[in-house]
Amino acid sequence: MSKNKFHDGAGPSQRQLRVGETVRRALSELLSRGDIHDPELNRLSITVGEVRCSPDLKIATAYVMPLGGGHVDDAIDLLAKNRGELRRQIGKKLNLKFTPDLRFRPDDTFDRLDETRRLFADETVRRDTGADQDDEAQDDDDRDDDERTGG
């Protein structure tokens, strides 16, 4: 097989991204409608944040989080237990040559977002990025606007 001249391996290909998003939407829809024959799984509201596919599109890793963020391990265990049924229903829904094998991992995006917000709120980071100066400049602009409009 020849090397892809348009993709240097730095990240996922367009095809991986497209298939991952298609699987994410199908999985999300299946879980929200409660089409799985496991009542324990149907009781949970599970958010599918992202699905990443392997380069050969044989494995899809879904990053999931139950609503409220609690009982993550239980949700992943239930999804893994019903992996075969989920894969079968996704295969029926999508028009792919091969339905990828599903893997489930906890979605830590919100944790990273909280950590990023905490870092940006830190005084030394605000000083280094000049955020305080930008805020002061914006306040000055707002005062000038108020003076012109008589507010």
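On a 1 Å grid laid over the protein atoms alone, a pocket is an open set of points with protein on both sides within 12 Å along at least five of seven lines, and the residues that line it have an atom within 4 Å of a point. Grid points are joined across faces, edges and corners, and the volume is the space filled by probe spheres set on those points.

The model described here is predicted, so that local features need pLDDT of at least 70 and side-chain atom pairs count only at pLDDT 80 or more, whereas totals for chains, interfaces and linings use all residues. Residues are numbered from 1 along each chain as its sequence is written, and side-chain values use heavy atoms, with hydrogens and water left out.

The protein chain holds seven helices and three strands, where helices (H or I, at least four residues) and strands (E, at least two) are DSSP runs numbered from the N terminus. Along the sequence these elements follow the pattern α-α-β-β-α-α-β-α-α-α. Of the 151 residues in the chain, 28% are buried, a term that stands for under 20% relative accessible area, with exposed meaning over 50% and partly exposed the range in between (1.4 Å probe, protein chains only).

The largest nonpolar core has 27 residues, and those with the most contacts inside it include Leu-27, Leu-31, Val-64, Leu-79 and Phe-104; such a core is a set of buried Ala, Val, Leu, Ile, Met, Phe, Trp, Tyr and Cys residues joined through side-chain atoms within 4.5 Å. At least two residues of this core come from each of α1 (14-33), β1, β2, α3 (72-81), α4 (83-93) and β3 (101-106), and α1 gives the most, with six residues. In soluble globular proteins, nonpolar side chains tend to be buried together.

In helix α4 one finds Gln-89, which is buried, with a relative accessible area of 12%, and the C-alpha atoms of Gln-89 and Asp-35, 54 residues apart along the chain, are separated by 8.8 Å.

The second largest pocket has a volume of about 180 Å³, and its lining is made up of Arg-15, Val-19, Asp-56, Leu-57, Lys-58, Leu-96, Lys-97 and Phe-98. This lining divides into four nonpolar, no polar and four charged residues. Leu-57, one of the lining residues, lies in the loop between β1 (46-53) and β2 (59-66), where its phi is near 65°, a positive value in a residue other than glycine; Leu-57 is buried, with a relative accessible area of 13%. Lys-58 lies over the face of Phe-98, at 3.5 Å from the ring centre, a placement that requires NZ of Lys or CZ of Arg to be within 6 Å of the ring centre and within 35 degrees of the ring normal.

Terms used
1 Å grid on protein atoms, 1.4 Å probe; cavity = no way out; pocket = protein on both sides within 12 Å on 5 of 7 lines; lining within 4 Å. Nonpolar A, V, L, I, M, F, W, Y, C, P; charged D, E, K, R; others polar.
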